[in-house]
Structures are given as C-alpha cells and as structure tokens.
Amino acid sequence: MSGPLLLLSAPLLAHNVAATDGAFLSTTSGAHPGVFSYLGAKHMVTGVDHVLFLLGAVFYLSSVRELVLLASAFTVGHSLTLVTGVLAEWPVSEVLIDALIGLSVSYKAWDNLRHGGTFRSTLPWIVLAIGLLHGLGLASKLSAFALDPAARLANLLAFNLGIELGQLLVLGGLLLLLGWWRSRPGFTREARWANYLLLLSGLLLCAAQLRIGLPGLTPS
C-alpha cells in the first residue's frame with residue numbers, strides 16, 4: 001500500500017475491533033455491561049469514519065434543536081441495525097458496508113460545499129438512513145465473533161449504550177472545536193478547504209476498504 005492509502009491504514013484498522021478486544025468477545029460468557037459499554041465507546045471514539053461523518057453533519061449547525069434532531073436520527077438509525085443485524089445474523093458484506101460508510105462522509109462534505117450544510121439540506125431522514133448504514137457496519141464487526149447467545153442481547157444493549165456515550169463525547173469535542181473555529185476571521189475560507197479535505201477523506205476511506213477486500217490486493 002502506498003501514498004494516501006498508507007496514511008489511512010492506521011486509523012482504518014483502529015476502527016476494526018482490536019485483537020485483544022476480539023479475543024475477549026470470542027471467549028467471554030455471561031453479561032458484562034461495563035466492559036461492553038467501554039468497548040462500544042472505544043469503537044465510536046476510534047472509528048475515524050464515524051467521527052468524520054459527525055464532523056460533516058454538525059459543521060455548519062448552531063441551533064440546539066437542529067443538533068438534537070440530527071443526533072437523535074443518527075442514534076436511532078445505527079441502534080436499529082446494530083442490534084437487529086447481530087441478533088438476526090444478517091449476511092452483510094463488511095467491506096461493502098465500510099466502503100459505503102466512507103462515501104457517506106464524502107456525501108456530507110459535498111452537501112456542505114453545495115448547500116452550506118443547512119438543516120434543510122441535512123434532513124433528519126437522510127441522517128437516519130446513513131445511521132442505518134453505520135449501524136450495519138458496527139453489526140458486521142460484532143457478528144464476526146461468537147457472542148454468548150444467552151447474554152447476547154444484554155451485551156449488545158450495553159455495547160450500544162457505550163456507542164451513545166462515545167458519540168456524546170465526540171460531539172462535545174467537535175462542537176467545542178467548531179465553536180472556537182467559527183470565532184476566527186478566516187473561518188469561511190478555511191471551512192471550504194476543510195470540507196474539500198473531508199470529501200477526499202471519505203473517498204480514500206472507500207477506496208482503501210475496497211482495495212483491502214479485493215483478492216490479490218490485500219496490503220502487506
């Protein structure tokens with residue numbers, strides 16, 4: 001792997017379940033709400049694609065009502081497909097889903113560049129649909145492990161709670177950063193370049209996932 005894709009390899013792999021966490025998920029039995037909540041929060045905070053999408057979604061928003069509506073739509077979407085996808089054992093292509101999630105980052109950046117990222121252009125149902133996609137990505141990660149059937153639902157709900165806590169932490173950090181940035185005189189010009197970079201990042205995430213998933217092109 002070379003060029004920009006090499007730079008993406010570390011965060012891309014960080015979004016996957018770490019080896020030690022995977023060993024725990026595969027061998028543990030019973031309900032462990034604290035551990036699964038921690039793993040959910042860790043997965044959200046280190047998931048570069050989730051963080052970049054949230055950055056794009058709130059980039060130009062300042063209304064508390066709009067922020068709550070969009071965050072709620074995203075939460076409902078990924079919660080539904082995360083829990084249902086694992087319990088129903090949906091056959092999902094992890095590579096394809098993660099590639100589409102990368103494209104969702106590019107879509108939001110494009111929306112910001114074309115429409116200014118207004119609430120009217122970032123409709124809650126669009127964010128809900130993208131949340132469903134992100135939830136499938138999370139489900140595809142967990143489905144790879146033999147979770148204890150007797151405690152699967154309890155652990156999934158704890159994991160999802162951790163995702164929500166991680167999302168609140170990420171959103172809080174992003175809003176603080178954006179609030180400071182918007183107070184700077186060069187924000188309007190810098191914001192356009194930032195969204196161009198966001199759009200490019202999404203395309204690179206998509207390309208990296210597809211390259212990883214193609215036979216004979218697995219990075220060394």
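Lys108 counts as buried, at 1% relative accessibility, where buried stands for under 20% relative accessible area, exposed for over 50% and partly exposed for the range in between (1.4 Å probe, protein chains only). The structure is a predicted model, in which local features need pLDDT of at least 70 and side-chain atom pairs count only at pLDDT 80 or more, while totals for chains, interfaces and linings use all residues. Residues are numbered from 1 along each chain as its sequence is written, and side-chain values use heavy atoms, with hydrogens and water left out.

Lys108 takes part in a salt bridge with Asp111, the closest N and O atoms being 2.7 Å apart; the term denotes a side-chain nitrogen of Lys or Arg within 4 Å of a carboxyl oxygen of Asp or Glu. Both residues lie in helix α6, three residues apart, or about one turn of the helix, helices being DSSP runs (H or I, at least four residues) numbered from the N terminus. Asp111 is likewise buried, with a relative accessible area of 2%.

Three salt bridges are present in the structure. In one of them, Glu89 is paired with Arg152, with 3.7 Å between the closest N and O atoms. Since Glu89 belongs to the loop between α5 and α6 (94-115) and Arg152 to helix α8, the pair ties together parts that are 63 residues apart in sequence. Glu89 is exposed at 56% relative accessibility, whereas Arg152 is buried, its relative accessible area being 17%. The side chains of Arg184 and Glu190 also meet in a salt bridge, at 3.8 Å from N to O; Arg184 is partly exposed, with a relative accessible area of 36%, and Glu190 is partly exposed as well, with 24%.

Helix α5 (residues 64-87) packs against helix α8 (residues 152-182) at an angle of about 155 degrees, with the axes 11 Å apart; axes are lines fitted to C-alpha atoms, for helices over the stretch in contact, and angles run from 0 to 180 degrees between N-to-C directions. The two helices are therefore roughly antiparallel to each other, a description that applies to angles over 145 degrees. Residues that make the contact (heavy atoms within 4.5 Å) include Leu67, Phe74, His78 and Leu82 of α5 and Arg152, Leu156, Phe159 and Ile163 of α8. The residues of this contact divide into 14 nonpolar, five polar and two charged, with Ala, Val, Leu, Ile, Met, Phe, Trp, Tyr, Cys and Pro counted as nonpolar, Asp, Glu, Lys and Arg as charged, and the others, Gly among them, as polar.

Methods. Parallel < 35°, antiparallel > 145°, perpendicular 65-115°, else oblique.
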